[in-house]
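Please look through the model with the notes below at hand, taking one point at a time.

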Amino acid sequence: MPIQTTSRIIMVRPAAFGYNVETAVNNTFQHVPKSGQEEIKTEALREFDQLVSILRQEGVEVEVVQDSVSPVKPDAIFPNNWISFHEDGTLVTYPMYAPLRRQERREEIVAAIEKKYKVTKRVSLEHFEGEGHFLEGTGSMVLDRVNKIAYACISQRTDPGILQQWGELMGYTPFSFAARYDGQDIYHTNVMMAIGDGVSIVCLDVVEEARREALYQSLSSAGREVVVLRADQVGSFAGNMLAVRTKDGQQLMVMSRTAHESLDVQQRKTIERYARIVSSDVNTIETIGGGSVRCMIAENFLPTANLIKP
């Protein structure tokens, strides 16, 4: 039976985190930095290391990959956009909107993963970049892994045609819609919704009116309690949370401190019926990178490789 959450995650420790002018074109959550690049890098590393430490203390299996110094990749800290790992042994790499971000796809990372885990199928979609079409992994799609539904708000980074093809390849039914925040299409679906075991989180106010009820019904009919966010909470990255498991099976809902503080009492209570909330301060990463805790985590559902004894 498919599972929704995993206790194994992969994170990339950045070598040159910074403001990416290419992504700022359609990421309204990015803000021009007020401090120098070295200060930004230092603070981003502190926030990254702190989050890794908290997750490990909570019992999550965190595998940290070091970003390469060259070429400079300001968004390497967000690996879930270029790669995803699935429990049937499939590894997928994705077409990225910003040319700078395409350099994040490192075959040495793929090779290292293939040595540790059982990869039975490789799906490479990056050729779509040459056609000007993109699908940025589990940023573009929020997956209901149990019911095989891929939720996606269409944007410059989320092409409906590739979404459909991905669904056919992976056995998922796409559920697409339009969503806008601060006068722009929402660039990634995972900033306005999340799905865990027993609970889902969504902001309906940013969704086109014609699809709101259908989206709510689809989430609730899957047997999950729906926590509805306000639009201002999306701006605090409350939608950018991720359900993971500890090694002993407890569900955690991981989010930034900004997101946690934006939740009201009832929203917290509903989430906590199903998962313990774990938060960490990633303010620099959020403000300058335009992505939060969920964007920093690539879930690893791959089966472990069979160990061959000498």
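1. The model is a predicted one, in which local features need pLDDT of at least 70 and side-chain atom pairs count only at pLDDT 80 or more, while totals for chains, interfaces and linings use all residues. Residues are numbered from 1 along each chain as its sequence is written, and side-chain values use heavy atoms, with hydrogens and water left out.

2. Asp 67 lies in the loop between β2 (61-66) and β3 (83-85), where strands (E, at least two residues) and helices (H or I, at least four) are DSSP runs, numbered from the N terminus. With a relative accessible area of 4%, Asp 67 is buried; buried means under 20%, exposed over 50%, and partly exposed in between, using a 1.4 Å probe and protein chains only.

3. A polar atom of the Asp 67 side chain lies 3.0 Å from the backbone nitrogen of Ala 15. If neighbours within four places in sequence are left aside, the residues in contact with Asp 67 (heavy atoms within 4.5 Å) include Val 12, Arg 13, Pro 14, Lys 73 and Arg 106.

4. Three strands, in the order β6-β7-β8, form an open sheet with mixed pairing, two strands being paired if DSSP finds at least two bridges between them. β6 (142-144) and β8 (173-177) stand at the edges with a single partner strand each, so one side of each has no neighbour in the sheet. β6 pairs with β7 (residues 149-153) in the antiparallel sense over three bridges, and Val 142 stands opposite Tyr 151 in β7.

5. Helix α7 (residues 209-221) lies across β7 and β8, and runs at about 145° to β8; axes are lines fitted to C-alpha atoms, for helices over the stretch in contact, and angles run from 0 to 180 degrees between N-to-C directions. Arg 211 lies in this helix, α7, and is partly exposed at 26% relative accessibility. Leaving aside neighbours within four places in sequence, Arg 211 is in contact with Phe 175, Ser 176 and Phe 177.

6. Which helix gives the largest share of the lining of the largest pocket? The answer is α11, with four residues, and both α2 (37-58) and α11 (283-289) supply at least two residues each. Among the residues that line this pocket are Val 32, Pro 33, Glu 39 and Thr 287.

Key
Polar contact = N/O pair within 3.5 Å; in protein donor to acceptor, adjacent residues only side chain to side chain. 1 Å grid on protein atoms, 1.4 Å probe; cavity = no way out; pocket = protein on both sides within 12 Å on 5 of 7 lines; lining within 4 Å.
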